[in-house]
Amino acid sequence: MMASAARRESGRLRMAVPKGALFEGTVDLLVRAGVDIGELADPGRQLVIGTGDMEFIIARPTDIPVYVAYGGVDVAIAGKDVLLEAGLEVTELADLGFGECRFVVAEPEGAARSTEELYRHLGVIRVATKYPRIAERHFAERGIQVEVVKLHGNIELAPLIGLADQIVDITASGRTLAENRLRITDEVLASTARFVANPVSVKTMSERVNGLAARLAEAAAVRAEGERDS
Amino acid sequence: MRPVTPRGFRDVLFQEAAEREAASAAITAVFDAWGYRPVETPVVEGYATLEAAVGKALETTAFRLFDMDGSLLALRPEMTVPLARLAASRLAGEPGPHRMRYVTEVFREQASLRGQARQFTQAGVELIGAAGAAADAEVVALLVEALEAAGLGDFTVGIGTVRLLRGLIDAARMPEAWGRGVTDAAHERNLVELDRLSAEDGVPDAVGEALRRVPRLRGGVDVIDAAGEIAALCGCGDVLTEFRELYALLDAAGHAARVTVDFGVMRSFDYYTGLVLEAYAPGLGLSLGGGGRYDRVLAEFDAPAPAAGFAVGIERLMIALAEQGATPCIRPLDAVLGGGDAPAVFSAARRLREAGWRVRLAVGRDGLDLVREAERVQAEEALVAEAGRVVRLDRAGEPALPLETPTPAPPAATWGDRERGERR
């Protein structure tokens with residue numbers, strides 16, 4: 001790629017913050033870590049928020065690995081799931097513990113023929129998912145031949161309309177799956193939010209990046225302890 | 001049809017090509033001054049050859065193709081393995097060490113929609129047949145001097161050694177799978193996973209602590225001492241002896257200020273056995289280049305020999321130069337030479353070139369038209385050749401002073417000084 005040596009105000013550390021499910025937890029953690037977040041908590045329609053020595057970019061979670069790997073931002077908070085799915089080169093500095101979710105394999109409860117039987121018969125099963133890389137890796141590790149169908153949402157519909165035999169999807173409680181009469185057959189992986197950095201920013205801004213990593217990790221540990229106690 | 005280049009490949013036009021050429025030439029001059037000699041290898045290699053050295057990383061990087069015999073080939077993804085192959089085959093009988101240099105294209109496969117190039121130009125060296133601190137220091141010094149010669153003002157070269165991590169893995173006396181996990185986590189720059197593995201049951205406390213600290217160690221000579229102490233506690237204190245010598249040599253060469261000791265330097269190819277190095281420019285999200293010591297690669301080709309080298313990515317270097325306002329200045333043409341008397345034009349052009357002029361021909365053109373042409377190609381002068389003499393045109397296209405005999409020095413010769421003057 002033609003690297004984007006993006007111009008930024010000198011000395012500012014640029015950080016991508018995921019919108020959506022991880023946003024609140026991220027903002028709270030930044031505050032706890034003593035980071036000046038300016039208007040980040042209530043950004044309105046702004047996508048770029050500058051403070052004294054930081055610049056926050058509010059980004060779509062799945063775009064964050066791209067921003068980080070290509071140097072568009074120096075650091076970011078991103079879910080492990082998104083990082084694995086992107087498969088790009090980023091330095092993972094700290095596990096922040098929050099935003100927990102797990103990837104599971106699920107299939108219809110009342111499948112007329114079990115998926116195993118199908119597999120024995122056809123030698124291949126069809127799997128619908130939003131996360132083709134994670135799904136492919138999971139089945140490859142088990143030596144199971146699958147055809148992955150990539151969909152963009154409502155994955156639990158796929159088996160109901162006959163698009164796929166199984167799905168690989170994220171679940172927090174398993175409720176949506178149960179409501180759609182799907183049962184979990186296998187665990188793929190568990191994911192939490194991570195603090196990541198561009199591999200070169202770790203080197204050229206090492207003190208600030210590593211300092212922030214340490215503060216965030218500590219704040220995350222303190223917050224987790226507080227949540228356990230309460 | 002309207003033809004386009006395939007995804008990830010591009011044409012490089014005049015100005016940019018000239019700038020890339022100038023930067024490459026400056027780097028080549030440094031390599032040459034150290035006694036490195038040019039070599040060329042085929043653009044394709046047998047896939048098995050590359051795979052033997054690169055290992056599993058090749059799967060995702062190789063640009064593969066089949067020939068008519070059904071042989072699996074790959075465009076070279078880098079030059080280290082081709083040069084190791086060359087050293088192990090054509091140079092097998094010759095006494096080393098071999099010092100080789102190149103500036104050439106390499107190819108990497110990339111998934112679509114990632115905006116990634118599939119062809120790069122790399123400038124690099126390989127020092128094959130020499131081991132030890134002196135050889136390592138030579139490679140690091142060459143990288144520093146090459147980047148300086150290219151005109152880059154602000155950069156650092158991070159140096160580390162994979163021996164430290166390997167030493168710690170051995171010292172842990174854990175199952176092989178654990179060691180592989182540690183190596184993989186290090187390659188993926190996944191410090192979270194590294195921390196997790198360091199805390200697994202059975203890992204000696206000293207080693208666990210070392211695995212958490214070592215990838216984060218970064219600084220000057222004091223960092224080598226710190227790492228040495230950590231390693232000593234794990235019973236592998238001797239893994240840094242050579243590295244310490246290397247640093248002393250770089251210091252003696254006056255390069256210590258450019259070099260940062262960094263035991264977190266990880267390279268994505270996993271064939272490195274000792275020194276690893278990587279160059280960074282601020283604001284560029286990717287390293288400028290890197291390399292290291294790969295003593296086992298030649299053994300894969302049945303000609304064991306120690307070896308080290310590095311490559312600089314010319315594309316990335318040009319971006320860093322532009323960011324720092326240090327793009328090489330390209331000397332303009334001295335003249336366009338017109339006139340209706342074609343034999344006179346050719347004969348005058350030869351005399352001018354012999355006097356060091358860079359002259360572009362414009363046979364048949366004259367007057368204002370020729371002056372416009374000179375402006376278009378940014379030549380310093382518009383000249384017209386007549387029988388026996390050459391006349392300068394003024395800006396209105398009228399004949400002005402004839403060119404003196406003997407032919408004067410080319411006007412662009414002093415251009416570099418003028419340019420520098422303007423910049424000041």
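This is a predicted model: local features need pLDDT of at least 70, side-chain atom pairs count only at pLDDT 80 or more; totals for chains, interfaces and linings use all residues.

User: Why is helix α13 of chain B called largely enclosed?

Analyst: The term buried applies under 20% relative accessible area, exposed applies over 50%, and partly exposed applies in between, using a 1.4 Å probe and protein chains only. In helix α13 (residues 314–323) of chain B, 7 of the 10 residues are buried, so the helix is largely enclosed by the rest of the structure. The buried residues are Ile314(B), Glu315(B), Leu317(B), Met318(B), Ile319(B), Ala320(B) and Leu321(B). Their cover includes α1, β6 (119–128), α5 (132–149) and β12 (307–313) of chain B, where contact is defined as heavy atoms within 4.5 Å.

User: How many aromatic pairs are counted over all chains, and why is the pair of Phe103(A) and Tyr131(A) called edge-to-face?

Analyst: The count comes to 7 aromatic pairs over all chains. For Phe103(A) and Tyr131(A) the ring centres are 4.9 Å apart and the planes stand at 85 degrees, so this pair is edge-to-face. The rule pairs rings of Phe, Tyr and Trp (its six-membered ring) when their centres lie within 6.5 Å, and calls planes under 30 degrees apart stacked, over 60 edge-to-face and the rest tilted. The pair links distant parts of the chain, 28 residues apart, with Phe103(A) in strand β6 (residues 101–108) of chain A and Tyr131(A) in the loop between β7 (125–129) and α5 (132–141) of chain A. Both Phe103(A) and Tyr131(A) are buried.

User: What kind of aromatic pair do Phe9(B) and Phe107(B) form?

Analyst: Phe9(B) and Phe107(B) form a tilted pair, at 6.5 Å centre to centre and 40 degrees between the planes. Phe9(B) lies in the segment before α1 (14–33) of chain B and Phe107(B) in strand β5 (residues 98–107) of chain B, so the pair ties together parts 98 residues apart in sequence. Phe9(B) has a relative accessible area of 18% and is therefore buried, and Phe107(B), at 8%, also counts as buried. With Phe63(B), these two residues form one aromatic cluster.

User: How do you know that Arg258(B) lies over the face of Phe155(B)?

Analyst: A charge sits over a ring if NZ of Lys or CZ of Arg is within 6 Å of the ring centre and within 35 degrees of the ring normal. Arg258(B) lies over the face of Phe155(B) at 4.1 Å from the ring centre, and in chain A the charged end of Arg223(A) sits over the ring of Phe98(A), 4.7 Å from its centre.

User: What makes Arg102(A) and Glu187(A) a salt bridge?

Analyst: A salt bridge is a side-chain nitrogen of Lys or Arg within 4 Å of a carboxyl oxygen of Asp or Glu. The closest N and O atoms of Arg102(A) and Glu187(A) are 2.3 Å apart, and the two form a salt bridge. Arg102(A) lies in strand β6 of chain A and Glu187(A) in strand β10 (residues 182–191) of chain A, so the pair ties together parts 85 residues apart in sequence. Arg102(A), with a relative accessible area of 27%, is partly exposed, and Glu187(A), at 38%, counts as partly exposed.

User: Which side chain does Glu107(A) meet in a salt bridge?

Analyst: Glu107(A) meets Arg183(A) in a salt bridge of 2.9 Å, N to O. Glu107(A) is in strand β6 of chain A and Arg183(A) in strand β10 of chain A, so this pair ties together parts 76 residues apart in sequence. At 5% relative accessibility Glu107(A) counts as buried, whereas Arg183(A), at 37%, is partly exposed.

Technical notes: Residues are numbered from 1 along each chain as its sequence is written. Chains are lettered from A and ligands numbered from 1 in the order in which they are written. Side-chain values use heavy atoms; hydrogens and water are left out. Helices (H or I, at least four residues) and strands (E, at least two) are DSSP runs, numbered from the N terminus.
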